[in-house]
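Please go through the points below with the model open beside you. They take up helix packing, the sheet, a central strand and the cores in turn.

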Amino acid sequence: MRRDEFAEMKAFLEVARERSFTRAAAKLGVTRSALSHTIRALEERLGIRLLARTTRDVAPTAAGERLVERITHHFEGIASEINAIKELRDRPSGHVRIVCPDDAIDLVFRPRLPAFLRENPDITVELIVDNGFTNIVERQFDAGLRLGEAVARDMIAVRVGPDVTYSVVGAPAYFARFPFPSNPQELTGHDCINLRLPTSGTLYAWEFEQDGREFSVRVEGPLTLSNIASAIDAALDGIGLAYVPKDLVRQHVENSSLRNVLEDWCPTFQGYHLYYPSRRLASPAFRALVDFYRWRQDR
């Protein structure tokens, strides 16, 4: 394959993955017009349309989809060999991209990230906060982070944190207006801070358990948010009750800024796991991060 043919194929794969000339051009470090010219040259040389273009979207044609399927593993193999060569260096290096929910920043990454970066000065880490179920393959993340129960079975999963217990909390100012709920069903008479699930667009139903029986309660209130950190702030402001990880509000509970309720009903979930496709060969930088964060019970 000539060098220009290799460049054309690489450019085509990037556009097919991103479904956008603008985003693909930014990743390749070229102008949008130069990238468009490259794709046209490839299509003219092959004598077939590979990409269907509209004013809003770019998508592979049937021929384009076939080409993506046939050549992707070759390019992944090249990338893997380059990564293997980099392993010959004394220290792992590279860029690691991970998508995670907002509460995982404080629960998992923040406590140990300074030490990891000090020990690995040639590694850079990019954490993208997204509370939805992001497709890490399409968006080219090295890994995602989810609670153990939510990881798909076709993924490699590495536990990186302890079990996560949830709690229902409210501020003293809130309880000056409302009584303490004695059971989860009484939450229907309280102002609760809802969480909108970005993937489905629905409101999260608060989960509880008692005597091995799991159930959920759909709550109502004056405020709906899309992330845990803002829900904690709203609870501190006395707007309503929030359903959040217990460890994130421990300090607020200890200094009496928030009060825990329904503790006997609140569940504990399997801790956070890094997950990634089994067919993807992990880079040395990513392996270093996984080894550093791998959860050990004695930690």
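1. Helix α2 (residues 21-28) packs against helix α3 (residues 32-46) with the axes 9 Å apart and at an angle of about 100°. That angle makes α2 roughly perpendicular to α3, a label that covers 65 to 115 degrees, with under 35 counted as roughly parallel, over 145 as roughly antiparallel and the rest as oblique. Axes are lines fitted to C-alpha atoms, for helices over the stretch in contact, and angles run from 0 to 180 degrees between N-to-C directions. Helices (H or I, at least four residues) and strands (E, at least two) are DSSP runs, numbered from the N terminus.

2. From α2, the residues Phe21, Thr22, Ala24, Ala25 and Leu28 meet Arg32, Leu35, Ser36 and Ile39 of α3; contact means heavy atoms within 4.5 Å. The residues of this contact divide into 6 nonpolar, 2 polar and 1 charged. Here Ala, Val, Leu, Ile, Met, Phe, Trp, Tyr, Cys and Pro count as nonpolar, Asp, Glu, Lys and Arg as charged, and the others, Gly among them, as polar.

3. On provenance, this is a predicted model, in which local features need pLDDT of at least 70 and side-chain atom pairs count only at pLDDT 80 or more, while totals for chains, interfaces and linings use all residues. Residues are numbered from 1 along each chain as its sequence is written, and side-chain values use heavy atoms, with hydrogens and water left out.

4. An open sheet is formed by 5 strands in the order β4-β3-β5-β15-β6, with mixed pairing. Two strands pair if DSSP finds at least two bridges between them. The edge strands β4 and β6 each pair on one side only. From one strand to the next, the twist averages 30°.

5. Which strand runs parallel to β5? Strand β3 (residues 94-100) does, joined to β5 by 2 bridges; Val99 has Gly144 in β5 as its bridge partner. Helix α9 packs on the sheet and touches β3, β4, β5, β6 and β15, its direction making about 55° with that of β3. Helix α5 lies across β3, β4, β5 and β15 and runs at about 170° to β4.

6. Strand β15 has an antiparallel partner in β5 (residues 143-147), over 4 bridges, where Arg146 stands opposite His273. It is also antiparallel to β6 (residues 155-159), over 5 bridges, and there Met155 has Pro277 as its bridge partner.

7. Strand β15 (residues 272-277) is largely enclosed by the rest of the structure, because 6 of its 6 residues are buried. Buried means under 20% relative accessible area, exposed over 50%, and partly exposed in between (1.4 Å probe, protein chains only). Tyr272, Leu274 and Tyr276 point one way from the strand, and His273, Tyr275 and Pro277 point the other way.

8. The largest nonpolar core has 59 residues, of which Leu145, Val168, Trp206 and Phe208 touch the most other members. A nonpolar core is a set of buried Ala, Val, Leu, Ile, Met, Phe, Trp, Tyr and Cys residues joined through side-chain atoms within 4.5 Å. Helix α9 (residues 284-293) gives the most to this core, with 7 residues. A second, separate core of 19 residues includes Ala11, Ala16, Ala25 and Val58.

9. Asn120 is in the loop between α5 (102-119) and β4 (123-129). Is Asn120 buried or exposed? It counts as buried, because its relative accessibility is 11%. Leaving aside residues up to four places away in sequence, Asn120 touches Pro92 and Ala288.
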